[in-house]
Amino acid sequence: MSTSQGSVVVVNCGSSSVKLALVDPVTGERSLSCLGERIGSPDAVVHMTTTGADGRPSTRTITPAATTHRGALAHVLQRLLDLDLPPLLGVGHRVVQGGSVFHGSVRVDDRVLAQIHELSALAPLHNPANASGIEAARAVLPDLAHVAVFDTAFHQTMPETNYRYAVPTRWYEEFGVRRYGMHGTSHRYVSQRATEVLATAGRDPRGLKLVVAHLGNGCSATAVLDGRSVDTTMGLTPLEGLVMGTRSGDLDPAVVELVAERTGAGVAEVVKQLNSESGLLALSGLSNDVRTLSEKAAEGHAGARLALDVFVHRAAKHVAALTVSLGGLDALVLTGGIGENAKNVRSMLLARLAHLGLVEDPAANADHGRSSTPAGRITVPGDGPLVMVVPTDEELLIARDTVALVEHR
């Protein structure tokens, strides 16, 4: 935890977006947040929101001078320096893929930046954008320490049994083909927060067995034993595992060969469709947004019902499977946009997991667990495993990691 007063600049460059926030590492308050959309296109735009002394937010839209990640972020940072803001303690960067090189967050230097570039083969849509954000921020804020926080780092504690694929050894040794997992920053924050909440309710945190399900447009679940990731659903890339908004999740690899042969498309094009044209969007024929699908399913739309049923079924299968890696279950922890807000999906999920002793408390679920004890509980009270809703805050964890590395060089 920070002993200094000020804020951390938290940067998250996605494949076509740029997010930036000024985060107080102690309170989690944001004095400024930015969202850049359609980065890389002529229609790139940035929405900047500042919070005034009266606590009221004010948003303005600006057009960046350049539409690349580096150009858009540099434009925003230059604007940031013109504002009356708290002292800046450092800059924290979300980086998707750290491979087996990075087991935790690190201060960025030229060597680290080069390694992030080298790992782009494992995350071609994300690592180049992450690196561009680091380069832009270092150029504009050269006197501040920059820290890389890797999505994959939390999963580096998985045993070899759980991260190896049954493929030729050469693929693993020469090409790095193994399960890395993603969403590690979210899983780490949420598992830590759940452990704290359960400890205040009298649960012994030692040996605690949690399954954390991050359910949003991207979805993954992780088995967390005694605070460490021991198994997870995403693999070499974010495509494996649960059904997601536009990603297929698990499927037979031979599907790629079959579709390529029948359509004449290349492997890269088929994989692109599995990433951006599959999942809830493909099953429903409507949308990748669970809110829309829930409304349409209630109206009787067959595609929307099918999409939700497949989504929940696959999520339940993976949650149950992860209990094998834990040897039991103390709590299922739900987070992400769907996990935190979609009470109908949570209800469907618990119904499929009733055999694990998870029984929904309808009133608590409707309230998202806000009035429950322990906080976030949405299952009936008892001595068995429980289900909790715990909001994630990746930006706060990035800010805290940044300050920890800045203050303890």
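Residues are numbered from 1 along each chain as its sequence is written. In this predicted model, local features need pLDDT of at least 70 and side-chain atom pairs count only at pLDDT 80 or more, while totals for chains, interfaces and linings use all residues; side-chain values use heavy atoms, with hydrogens and water left out.

**Stop 1: the sheet**

Colour the strands. Helices (H or I, at least four residues) and strands (E, at least two) are DSSP runs, numbered from the N terminus. Look for an open sheet of 8 strands, ordered β5-β4-β3-β2-β1-β6-β8-β7, with mixed pairing. Two strands pair if DSSP finds at least two bridges between them. At the edges sit β5 (57-62) and β7 (106-107), each pairing on one side only. Now show helix α1 (residues 69-81). Helix α1 packs on the sheet and touches β1, β2 (18-23), β3 (30-37), β4 (45-51), β5 and β6. Contact means heavy atoms within 4.5 Å.

**Stop 2: strand β1**

Select residues 7-13. This is β1, which runs parallel to β6 (residues 88-95) and is joined to that strand by 5 bridges. On β2, the pairing is antiparallel, over 6 bridges. A hairpin of 4 residues links β1 to β2.

Zoom in on Val9. Its bridge partner in β6 is Val91, and in β2 Val9 stands opposite Leu22. Then move to Ser7, which faces Leu88 in β6.

Is β1 covered or open? 7 of its 7 residues are buried. Buried means under 20% relative accessible area, exposed over 50%, and partly exposed in between (1.4 Å probe, protein chains only). In a regular strand, side chains alternate between the two faces of the sheet. Ser7, Val9, Val11 and Cys13 lie on one side of β1, with Val8, Val10 and Asn12 on the other.

**Stop 3: the annotated pair**

An unreviewed UniProt entry lists both under "binding site". UniProt positions follow the numbering used here, feature names are shortened, and annotations may be inferred rather than shown by experiment. The two span 383 residues in sequence, yet no two of their C-alpha atoms are more than 10.2 Å apart, so they gather at one spot.

Asn12 lies in β1. Beyond four places in sequence, Asn12 touches Ser17, Val18, Lys19 and Arg94. Glu394 belongs to helix α15 (residues 394-407). Its relative accessibility is 24%, so Glu394 counts as partly exposed.

**Stop 4: Asp151**

Select Asp151, in the loop between β8 (146-150) and α4 (160-163). Its 1% relative accessibility means that Asp151 counts as buried. What does its side chain meet? A polar contact of 2.6 Å joins it to the side chain of Arg94. Such a contact is a pair of N or O atoms within 3.5 Å; within protein, one must be able to donate a hydrogen and the other to accept it, and residues adjacent in sequence count only if both atoms are side-chain atoms.

**Stop 5: the cores**

Select Val211, Phe311, Leu332, Val345 and Leu349. These have the most contacts inside the largest nonpolar core, which has 42 residues. A nonpolar core is a set of buried Ala, Val, Leu, Ile, Met, Phe, Trp, Tyr and Cys residues joined through side-chain atoms within 4.5 Å. Helix α11 gives the most, with 10 residues. Finish on a second, separate core of 27 residues, which includes Val147, Val224, Val333 and Val403.

Conventions:
Axes fitted to C-alpha atoms, helices over the stretch in contact; angles between N-to-C directions.
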